[in-house]
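Let's take a friendly walk through a structure together. Have a look at it first, and then we will go from one part to the next.

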Amino acid sequence: MTDRERARKRSADQTEDVTQDAVTNRGEEVAEKIDDLLDEIDTVLEENAAEFVKNYVQKGGQ
Amino acid sequence: MAIEPIIGTEVEYGITVTNNESFNPVTASALVVNAYGGGRGRIRWSYDDETPGRDARGFNVGMQPIDENDSGLVNAVLLNGARLYVDHAHPEYSTPECSDPLEATLHDKAGELVMHQAAEAANTLLPEGQRLLLYKNNSDGKGNSYGAHENYLVSRSVPFGALAQHLTAFFVTRQILTGSGKVGSEHGRPDVGFQISQRADFFEEEIGLETTLKRPIINTRDEPHSDAQKYRRLHVIIGDATQSEIQTFVKVGAASLVLMALEDQVLGDPILLADPVGAITAISHDTTLQQPVKLADGTEATALELQRHYFDIAEEYVASHDLAPAYKQVIGEWRSLLTDIAEGYEAVADRLDWAAKMTMVEGYRRRDSLAWDDPKLHLVDLQFHDIDPDKGLYHRLVQAGRMRRLFSDAEVVEATQHAPESTRAYFRGECLRRYGSSVVAANWDSLVFDTGASTLVRLPMMEPRKGTRDLVDDLFAASPDAATLIHNIGGSND
């Protein structure tokens with residue numbers, strides 16, 4: 001590998017790192033927004049999930 | 001040129017009563033229907049013309065005649081032309097006949113509001129501590145399913161065999177756009193964490209008359225509720241109940257366009273799947289949309305590729321025909337969904353119920369490290385479909401600005417009170433509004449009046465494109481009461 005090739009590769013790696021960081025940051029932002037939503041959903045979810053789900057039985061449908 | 005189909009949906013809602021483990025779903029459903037106060041006629045449903053056992057393939061099956069004295073048969077006909085009733089053990093809402101996909105979507109949404117208002121009224125009648133809840137979904141997660149059916153009135157000239165041959169692959173692959181999502185699998189299907197469709201696990205046959213057992217992809221019920229020489233009603237039982245307005249719009253709009261292209265013989269050769277029933281589960285269980293299914297000619301294609309095939313034909317069809325404006329809008333939304341869904345489910349989470357639900361479920365799995373069998377994930381799945389705007393998770397997403405809509409709340413309220421103006425539903429709804437005390441029975445294709453004369457008068461409405469506002473408003477204006485209406489129409493009224 002020549003110096004120039006090495007430099008190009010290093011530069012490409014750095015760009016990739018920067019892009020990767022951007023992706024990670026955006027992923028974290030998305031996750032944070034979803035976490036806000038989940039916090040809100042937690043306040044309206046029926047209590048005692050296991051019991052509630054168990055009691056939901058529907059017979060006689062088309 | 002093909003006629004634009006008359007469209008309607010019928011949705012069975014899941015029902016439960018909290019703090020009452022022995023609640024009877026038939027009684028509870030009757031309570032819901034009878035409690036609904038807004039915009040209804042207190043009249044009988046007439047079963048005179050109902051023939052659920054008639055098969056489109058040309059024979060009759062000995063199905064039970066409907067017993068009008070059955071206490072479970074509770075019915076209301078609403079001022080918007082819809083039918084609210086108890087079917088089996090569920091409250092059900094059938095929209096009025098609609099003339100385009102946008103109107104059908106609006107009336108499907110109006111059904112949710114009617115059901116919610118009915119449940120609120122029913123709740124005031126329950127003992128302290130009990131609460132009646134309704135769900136717009138299709139499965140209890142324990143092997144029991146209930147339907148969300150679509151109806152398309154097409155020309156009788158389309159041979160039923162051609163419908164079945166062309167539509168099977170369309171219906172099997174459209175799940176990626178029509179599913180409302182489910183945690184886990186049922187009915188003996190392979191284990192899966194999350195799947196695209198509520199209903200997919202329950203289909204066992206390619207074609208048949210059944211709707212409750214061995215459900216078929218193509219349902220052969222031949223009951224047009226109109227002139228049977230002229231029309232057939234395609235009764236579609238393979239589809240999920242959807243709350244996203246754009247999703248319902250594309251669901252009924254795409255099917256209508258494919259039907260028109262089929263009638264005009266521009267669908268090309270039918271795409272035949274090697275194993276249609278197996279493909280339903282395979283497609284529903286693959287949220288990556290990457291797994292191809294086998295075609296009968298030995299090649300393979302993904303559901304997305306096959307849906308693009310139907311889209312291309314529909315786009316060309318809309319460009320070369322003078323259709324209702326809603327169809328151009330269908331093409332726009334359908335195209336965006338097909339483009340965006342290729343990027344993954346997150347890209348369509350603002351328009352498709354399954355993707356919206358999966359976003360929440362995956363969020364919980366990441367944040368709280370929940371396993372797929374955690375009851376909380378099943379609760380999120382179920383409560384996504386609760387139609388109460390305060391508790392339903394779909395509604396919470398709308399309120400958070402995370403779901404795109406087509407209608408304002410006011411438009412949906414309006415549709416609970418007023419029928420579509422360009423079908424016979426207008427005549428039905430307005431007769432109830434204007435002459436309600438004289439209407440003693442109704443069904444899709446007739447009204448029965450008691451004007452105080454010695455005999456009842458039955459008005460047949462065999463043509464769904466008549467009885468429209470344009471055609472009957474002058475008649476209504478000239479008819480202050482039902483007797484005059486009958487006289488003006490020329491019916492006997494001695």
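Two residues are in contact when heavy atoms of theirs lie within 4.5 Å of each other. Keep in mind that this is a predicted model. By that rule, 48 residues of chain B and 27 residues of chain A take part in the contact. Together the two chains bury about 3200 Å², with 56% of it on carbon and sulfur atoms. On the chain B side, R367(B), L379(B) and R396(B) lose the most area to chain A, together 17% of what that side buries.

What holds charged partners face to face here? Seven salt bridges are found across the interface of chain B and chain A. You can look for E46(A) and R131(B), whose side chains meet in a salt bridge at 3.0 Å, N to O. Helix α10(B) gives the most to the side of chain B that touches chain A, namely seven residues.

Now turn to strand β2 of chain B, residues 14–18, where five of five residues are buried. In a regular strand, side chains alternate between the two faces of the sheet. On one side of β2(B) you find G14(B), T16(B) and T18(B), on the other I15(B) and V17(B), and all are buried. β2(B) pairs with β8(B), residues 131–135, in the antiparallel sense over five bridges, and I15(B) stands opposite L134(B) there.

Elsewhere in chain B, four strands form an open, mixed sheet in the order β4-β17-β18-β19. Its edge strands, β4 and β19, each pair on one side only. Two bridges join β4(B) to β17(B), which run parallel, and R44(B) stands opposite A441(B). Helix α13(B) lies across β17, β18 and β19 of chain B, at about 20° to β18(B).

Methods: Residues numbered from 1 in each chain as written. Chains lettered and ligands numbered in written order. Predicted model: local features only at pLDDT ≥ 70, side-chain atom pairs only at ≥ 80, totals over all residues. Heavy atoms only, no water. Buried < 20%, exposed > 50% of the residue type's maximum accessible area, 1.4 Å probe, protein only. Pairing = 2+ DSSP bridges. Axes fitted to C-alpha atoms, helices over the stretch in contact; angles between N-to-C directions. Buried area = accessible area lost by both parts, 1.4 Å probe. Salt bridge = Lys/Arg side-chain N within 4 Å of Asp/Glu carboxyl O.
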